[in-house]
2 protein chains.
Amino acid sequence: MSRSISDSTVRRLSHYLRALEDFEKAGDISVSSEQLAQRGGTTAAQVRKDLSHFGSFGKRGHGYEVIGLESTLRGILGLGATWRVALVGAGRIGRALFEYPALAMRGYSCGAVFDSDPAKIGQRWGGLVIQSVDRLEEVFAEVGIELAILAVPVKAAQDVASRAVGAGVCGILNFAPTRLRVPPHVPVTNVNLVIELEALSFALTRRSREA
Amino acid sequence: MSRSISDSTVRRLSHYLRALEDFEKAGDISVSSEQLAQRGGTTAAQVRKDLSHFGSFGKRGHGYEVIGLESTLRGILGLGATWRVALVGAGRIGRALFEYPALAMRGYSCGAVFDSDPAKIGQRWGGLVIQSVDRLEEVFAEVGIELAILAVPVKAAQDVASRAVGAGVCGILNFAPTRLRVPPHVPVTNVNLVIELEALSFALTRRSREA
DNA sequence: TATCGTTCGTGATAGTTTTCACAAGTGGTG
DNA sequence: CACCACTTGTGAAAACTATCACGAACGATA
């Protein structure tokens, strides 16, 4: 029950949850840390350590009960709650996210869409009308937005982030390839495609250099 | 000039490069590790350590020459090379990637698009005709594909990955929320939106629990 | 009930990454 | 030339993360 949980641990919990969902589909009643480890690409000891930060969920000699651990992990990851989300940026990436089923399934419900392009403002996406970013604060308050998803160009990202924080947002999911400056109490998760591309490029190049 | 470079270091190099591009635009000739650190959200010592793994690029008393370090980093990250890429999966995410300018700018040139949906096969994207995944090996050989971008459903991901490896691919950029099993010599970079969503959810929940 | 094979939970250990602190190099100035 | 303000590059220390190894619990079996 330690206080500070490392990012790597949280990400592994995510993997375990997905593995458990598969074990459930396969009809398994219980799984061992060893089985979870293999599916998650880690070790049995790591699995047990990760879980032990939050409590003691297994039975010695028999492993973990699939359904039980599944809902425990959902609880730890906060997947029971639902969050009212605003999507800022109605470009290709914004659109892909808007229709990404996992968003809704993880409890993120989209309550507003913004763009700065006059040609897009007023268009309908699902049941929502695309709003001008100029009205961001106003709409955030009206709809009760808790979370902002940023799918805007780098240039606009910091400004939108600051305004979202000003409007009282609880967290930000940032797709712009830039590090946002926000107060420490606002969690930001970055999905930075450029970094991933460059990391892959590095791995590829390193490989061909060594060969 | 150590052998094994940690993933975190590589990702920071990416940040430094972006910062340098900005410093260049702003007309700066040289920067200190302190300046790079602030832009990249880290510390001056970290910046120097990261760079020192690859050589000694600064001048004591004066910092790093912006243009010079920029091209050094591009070299380290392998951004000079161009890679012939295949996009597997022509859904929303595939489309967003296909039009993502950073892809082309990082030296990834798309040489083929695949899908399994008969309704999509035969459609044109840019100058490319969407191919059936059934012809994957064939087309990979014809076009000389070096890299596969997977934007397919989880169910199909492992199969496509194995076939891409069989077809001699050098690396994989995987958007499916699953861990691929590939031979160790094939680098895989995962962009797992589900994990990011759950990590954010954890941070949000943790926060509201503590408050 | 006693024994056995299994698997968890966890303190100790090993390994990795980050931070610290300072000697050494650089250009400028009088 | 001697000194100064500045900033790098790097060994050593600290912090963090992963692995190991083993006692303790559990159900099954006779």
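A residue is taken as near a molecule or strand if its C-beta atom, placed from the backbone, lies within 6 Å of it. Being predicted, the model is read for local features at pLDDT of at least 70 and for side-chain atom pairs only at pLDDT 80 or more, while totals for chains, interfaces and linings use all residues. Residues are numbered from 1 along each chain as its sequence is written, and chains are lettered from A and ligands numbered from 1 in the order in which they are written.

The surface near DNA strand D receives at least two residues from each of helix 1 and helix 3 of chain A and helix 2 (33-40) and helix 3 of chain B. Helices (H or I, at least four residues) and strands (E, at least two) are DSSP runs numbered from the N terminus. Helix 3 of chain B gives the most to this surface, with 6 residues. By class, the surface near DNA strand D holds 6 nonpolar, 16 polar and 7 charged residues; Ala, Val, Leu, Ile, Met, Phe, Trp, Tyr, Cys and Pro count as nonpolar, Asp, Glu, Lys and Arg as charged, and the others, Gly among them, as polar.

Around DNA strand C there are 29 residues, of which Gly58(A), Gly61(A), Ser6(B), Arg60(B) and Gly61(B) come nearest. Two or more residues of the surface near DNA strand C are given by each of helix 2 and helix 3 of chain A and helix 1 (7-25) and helix 3 (44-52) of chain B. The largest share, 6 residues, comes from helix 3 of chain A. The surface near DNA strand C has 6 nonpolar, 16 polar and 7 charged residues.

Helix 3 of chain A (residues 44-52) has Val47(A), Asp50(A) and Leu51(A) as its buried residues, a residue being buried if 20 or more other C-beta atoms, placed from the backbone, lie within 10 Å of its own. Viewed down the helix axis, these residues fall within an arc of 95°, so they line one face of helix 3 of chain A; the arc is that of the directions from the helix axis to the C-beta atoms. They pack against helix 1 (7-25) and helix 2 (33-40) of chain A. Of the 211 residues of chain A, 40% count as buried.

The contact between the protein chains takes 45 residues from chain B and 44 residues from chain A, where two residues are in contact if their C-beta atoms, placed from the backbone, lie within 7 Å. On the side of chain B that touches chain A, helix 9 of chain B gives the most, with 14 residues. The residues on that side of chain B divide into 25 nonpolar, 9 polar and 11 charged.

Chain B contains an open sheet of 7 strands in the order 5-6-4-3-7-8-9, with mixed pairing; two strands pair if DSSP finds at least two bridges between them. Strand 5 (124-125) and strand 9 (188-190) of chain B stand at the edges with a single partner strand each, so one side of each lacks a neighbour in the sheet. Strand 8 (residues 171-174) and strand 9 of chain B pair in the parallel sense over 3 bridges. Asn174(B) stands opposite Asn190(B) in strand 9 of chain B.

Terms used
A residue is buried if 20 or more other C-beta atoms lie within 10 Å of its own, exposed if 12 or fewer, and partly exposed in between; C-beta atoms are placed from the backbone.
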